[in-house]
Amino acid sequence: MFKNVVITGATSFIGVHIIKEYLKNNCNVIAVVRPNSKKIDRLPKSDYLTIIEIGMEEIEKLKDKVKNKKIDVFYHLAWDGVRVPYRDDVILQNKNYRCAINAMKVAKSLACDIFIGSGSQAEYGRCVGEINETYETRPTTEYGKAKLMAYEKLKIMAKENNMKFIWTRIFSVYGIYDYQGTLIMSALDKMKRNEIIPLTQCIQSWDFIYVEDVARAMYLLASTPCMDGIYNIASGTSRQLKDFIMDMKYICKSTSKLQFGAIPYNSEGVISFEPNIDKLKKNLGWSCRVEFDEGIKKILKFIN
């Protein structure tokens, strides 16, 4: 069992749930959060949890803060500008890249055995058909390009430092503490008020995964003997986006009018995602536990 785990971006909604997964297993977690974070109340209270306030631009100070503890696993989740319009801010995304490199350097200084980075479906770009980990990467946003660049550099650094390196490409995750502007969160808000909801045609294939399932996969990637490299994290069950929206309306018992086609697709057109998660299942024996309907009910219970 791990003694000490570091998680940057600890107050992100994925980070919070990874912390909960480790605390359930009585592991010591060092949560790295930005100074004066407004989301710090999300973090659970536990004797196994240590909160350290450091901005990523000063991450090298972490070694002094942890008092030379041996770190077993280092998760790097912190990444600014994941939403529009910041996804195409070149300066910001390059800064994120540099912070990721510095995080790896700190992990080395802490004699870390395993480094797990948080990548994105955005690294694949526009896709046709099933997407496994060998699918060609052609990111279209600066965010996706920076994530891919971080993966390629961190892989080299980990090999040089004899460190196990896992890179997760996370598809559309939803759940408690999610950003209020996402399709799911904004649509649920409107459905609760029975408001009209303008949408695209929603004919693209999509895959949603509940955040607790993501957190469990991230935990197992560190705690299970498995091969290095890239892992897609998704439910593995793609459906037409329209189906998900209609399921949400039914669960909410909403009278909202769904205006499919009221919003045109952007210049990229219809973008579908059909992730293959065979590698994750084979290496971890993992599968989703939370079905989409159940995940939506969990969110509604939390926000009501």
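Predicted model: local features only at pLDDT ≥ 70, side-chain atom pairs only at ≥ 80, totals over all residues.
**View 1. The largest nonpolar core.** Here we look into a core of 111 residues, in which Tyr22, Leu62, Tyr75, Leu154 and Ile184 touch the most other members. Helix α6 (residues 211-223) supplies the largest share of this core, with nine residues.

**View 2. The surroundings of Tyr75.** Setting aside neighbours within four places in sequence, Tyr75 is in contact with Val5, Val6, Ile7 and Thr8, and also with Ile18, Tyr22 and Ile116. Met218, Tyr219 and Ala222 complete the list of its contacts.

**View 3. Helix α3 beside helix α4.** The axes of α3 (residues 90-109) and α4 (residues 142-160) come within 9 Å and cross at roughly 20 degrees. The crossing of α3 past α4 is right-handed. From α3, the contact draws on Val90, Gln93, Asn94, Tyr97, Ala100, Ile101, Met104 and Lys105. Facing them from α4 are Glu142, Tyr143, Ala146, Met149, Ala150, Lys153, Leu154, Met157 and Ala158. By type, the residues of this α3 and α4 contact are 12 nonpolar, two polar and three charged.

**View 4. Helix α1 against helix α6.** Helix α1 (residues 13-24) packs with α6 at an angle of about 60 degrees, their axes 8 Å apart. The two helices, α1 and α6, are therefore oblique to each other. Again we find a right-handed crossing, here of α1 past α6. On the α1 side, the contact is made by Phe13, Ile14, His17, Ile18, Glu21 and Tyr22. The α6 side includes Val211, Val214, Met218 and Tyr219. The residues of this α1 and α6 contact divide into 10 nonpolar, one polar and three charged.

Conventions
Residues numbered from 1 in each chain as written. Heavy atoms only, no water. Core = buried A, V, L, I, M, F, W, Y, C linked by side-chain atoms within 4.5 Å. Buried < 20%, exposed > 50% of the residue type's maximum accessible area, 1.4 Å probe, protein only. Helix = DSSP H or I, 4+ residues; strand = E, 2+ residues; numbered from the N terminus. Contact = heavy atoms within 4.5 Å. Axes fitted to C-alpha atoms, helices over the stretch in contact; angles between N-to-C directions. Left-handed = near helix turned anticlockwise from the far one by under 90°. Nonpolar A, V, L, I, M, F, W, Y, C, P; charged D, E, K, R; others polar. Parallel < 35°, antiparallel > 145°, perpendicular 65-115°, else oblique.
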